[in-house]
Amino acid sequence: MTRRVVFIKEDNCIGCQICIKKCPFDSIIGTENFVHRVNFNECTGCKLCIPVCPTDCIKVISIDGDKKDITEKILFNFQRKKARVSRVEKRTESIINSQIDKILANEQK
Ligand code: SF4
Ligand code: SF4
């Protein structure tokens with residue numbers, strides 16, 4: 001059996017991290033401004049990352065394997081990403097609220 005996944009053409013990747021943010025399954029690895037890579041063991045082949053890449057360097061390939069190989073990981077990875085995004089959003093909201101409080105406090109002086 002084969003399954004479809006995506007891979008990143010490294011020569012064209014600018015490390016913008018847009019694909020990481022888009023992937024619901026945390027299947028892309030990379031640091032800002034450096035080449036990113038896809039973890040084939042976790043990629044579902046959903047292709048959501050393809051249209052958002054500004055350099056069009058994400059391509060579909062077939063690999064040996066079965067969709068059953070990743071079924072359990074899909075749910076786990078999806079929930080892990082949701083939890084992480086939610087933590088970041090809460091932290092951002094808290095930072096913004098604290099900035100607003102400081103500004104308002106200064107205005108009242
Ligand atoms: S195809 Fe889907 S699962 Fe695979 S890296 Fe792209 S967004 Fe993530
Ligand atoms: S969106 Fe494209 S260019 Fe940006 S990090 Fe991902 S693969 Fe690289």
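Which residues make up the largest nonpolar core? Select Val-5, Val-6, Ile-8, Cys-19, Cys-23, Phe-25, Ile-28, Val-38, Cys-43, Cys-49, Cys-53 and Ile-58, 12 residues in all. Such a core is a set of buried Ala, Val, Leu, Ile, Met, Phe, Trp, Tyr and Cys residues joined through C-beta atoms within 7 Å, where buried means 20 or more other C-beta atoms within 10 Å of a residue's own, C-beta atoms being placed from the backbone. Strand E1 (residues 2-8) gives the most to this core, with three residues; strands are DSSP runs of E, at least two residues long, and helices are runs of H or I, at least four, both numbered from the N terminus.

Before moving on, note that this is a predicted model, in which local features need pLDDT of at least 70 and side-chain atom pairs 80 or more, while totals for chains, interfaces and linings use all residues. Residues are numbered from 1 along each chain as its sequence is written, and chains are lettered from A and ligands numbered from 1 in the order in which they are written.

Next, click on Val-38: leaving aside neighbours within four places in sequence, Val-38 is in contact (C-beta atoms within 7 Å) with Val-5, Val-6, Phe-7, Ile-8, Ser-27, Ile-28 and Cys-43.

Now for the ligands. Around ligand 1 are 14 residues (C-beta atom within 6 Å), the closest being Cys-23, Ser-27, Cys-43, Cys-46 and Cys-49. Ligand 2 has 15 residues around it, with Cys-13, Cys-16, Ile-18, Cys-19 and Cys-53 the closest.

Finally, zoom out and follow the elements from the N terminus: β-α-β-β-β-α. The C-alpha trace spans about 70 × 30 × 20 Å along its principal axes.

Note on methods
Contact = placed C-beta atoms within 7 Å.
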